[in-house]
Each structure stands twice: as C-alpha cells, then as structure tokens.
Amino acid sequence: VLLNVVALMFSSQISGGSREIAAALPLGAVVAARVLGPNMVHRKHIALLSAFAVLFSIVLVQHAASKSIKANSYEAEVWLKQHGYTYGLGGYWSSNNITVESGNSVQVRPVNTGPKGITQYDWESDSTWYDPTQHYANFLVMDIANPSGVSYATPQQAVKQFGKPEVAVITGGQEIMVWNKNLLANLPSSS
C-alpha cells in the first residue's frame, strides 16, 4: 500500500486525481484488518463495528435508490443516434460516455490535442480504431461546457485541421461537427 502511494506521488498519473489511488483504500482496509483484527474481539468493538456496518448499509441503500444522473454527453448521444451517425471522434470523456451509454451503437473514439493538432489518443485505446481502411469517422464531438474538455479538441482546431464542417450543432454542452469525409485520413498519431 505504501509502495502504491509513493509510486503515485512520483508518477505522471497524480494529476488524474484521487481515483488514481483508489486501490489504496481497500488494500489499506485489508492490512488494518490483519493487524487490528485479532485485538478486536471485545464486545464493545464488535458492537461498534456492527453499528458502522449498519450505517454504511443505510448509506449504500440510499445511494442505490437515488435517481441516476445522465452523462453530460447524453444529449449528443441522442442527437447522433437520431441522425444515423455511428462512428466518429471525440474528447476522452465524451467518447467513452457516448460509446458505453449507446451500447456501442454509436462508437466515438477519443482524440487528443498536441503539437500536430488533433491526434489519436494513445492511452487506453486500440490503434485499429484510427485505421481509415477499417473505419469511416465523419463527426467530432467536443465538450465546450467543461474547461478541461478543450484539452482534447476545440472547434477552432477542428476547422483548421479538417476544414469547414457540413453540420455544426451544439447540444447539452457538446458541439458536434460533421463532415462528408473520413476524418481518420487526416488524424495523425500523437507519437
């Protein structure tokens, strides 16, 4: 556990936030149980642990019963489905949300921004997604409501790299640009 925490401190993943160290919590719980477990056989300890278990169960049930919130890219997913678009590009979060929420019926592959412009996203992706001989990507979804979304692609970069789109729509904080060409042909690798 300590090795995980120290490794995170010196890695480039620390900017990803607390979710990058999520494994430390359950691993720490196992270590604590092994160290403290044999000493916690007294009735008051068992009663205290039981009270915590009941409290955590109530919180779990409350969260499970609450209404789920649609992803910020939900309206973009609906628009793409309604207009028959099935394969395109987008920012990291929008691409994953749309692909999963649509049940893979609308596949949006992540892109990034770098010195070469809008590029393939090399982390947690498959190089075949970007092969223009295998796929035809004719749209780009960009998160314009979230300031961190512009790190993946902006409308200005898209126009500069791919030309003027045939259609540009803003829906639910997302801008969708559509071209009558395969964007993968002009999408460089980030490396």
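Before anything else, I noted the pairing rule: two strands pair if DSSP finds at least two bridges between them. Helices (H or I, at least four residues) and strands (E, at least two) are DSSP runs, numbered from the N terminus.

I also jotted down that this is a predicted model, where local features need pLDDT of at least 70 and side-chain atom pairs count only at pLDDT 80 or more, while totals for chains, interfaces and linings use all residues. Residues are numbered from 1 along each chain as its sequence is written, and side-chain values use heavy atoms, with hydrogens and water left out.

**Entry: the sheet**

I looked up the strand order and got β3-β2-β1-β4-β6-β5, an open sheet of six strands with mixed pairing. Its edge strands are β3 (117-120) and β5 (167-171), each pairing on one side only. From one strand to the next, the twist averages 30°.

Next I checked β4 (residues 139-143) against β6 (residues 174-178): they run antiparallel and five bridges join them. Asp143 has Gln174 of β6 as its bridge partner.

Helix α5 (residues 92-101) packs on this sheet and touches β1 (87-90), β2 (107-114), β4 and β6. I took contact as heavy atoms within 4.5 Å. The direction of α5 makes about 175° with that of β2; axes are lines fitted to C-alpha atoms, for helices over the stretch in contact, and angles run from 0 to 180 degrees between N-to-C directions.

Then I went to β2 and β3, which form a hairpin with two residues between them. These strands run antiparallel, joined by four bridges, and Val111 has Gln120 in β3 as its bridge partner.

**Entry: the nonpolar patch**

I found a nonpolar surface patch formed by Val1, Leu2, Val5, Val6, Met9, Phe10, Leu27, Val31, Val35 and Leu36, with about 930 Å² of accessible area together. Patches are made of residues with over 30% relative accessible area and no salt bridge; like charges are joined within 9 Å, nonpolar side chains (Val, Leu, Ile, Met, Phe, Trp, Tyr) within 5 Å. Areas come from the Shrake-Rupley method with a 1.4 Å probe, and for residues only the protein chains shown count as cover.

Helices α1 (2-9) and α2 (24-36) each supply at least two patch residues. Phe10 sits in the loop between them. I call Phe10 exposed because its relative accessible area is 69%; the classes are buried under 20%, exposed over 50% and partly exposed in between (1.4 Å probe, protein chains only).

**Entry: the salt bridge**

How many salt bridges does the rule give? I got one, taking a side-chain nitrogen of Lys or Arg within 4 Å of a carboxyl oxygen of Asp or Glu. The side chains of Lys81 and Glu77 meet in it, at 3.2 Å, N to O. Both residues lie in helix α4 (residues 74-82), four residues apart, about one turn of the helix. Lys81 is partly exposed at 42%, whereas Glu77 is buried at 4%.

**Entry: two loop residues**

I looked at Ser127 in the loop between β3 and β4, and it counts as exposed at 58% relative accessibility. The C-alpha atoms of Ser127 and Ser189 are separated by 9.1 Å, though 62 residues apart along the chain.

Glu166 lies in the loop between α6 (155-162) and β5 and is exposed at 52%. Leaving out residues up to four places away in sequence, Glu166 touches Val178, Trp179 and Asn180.
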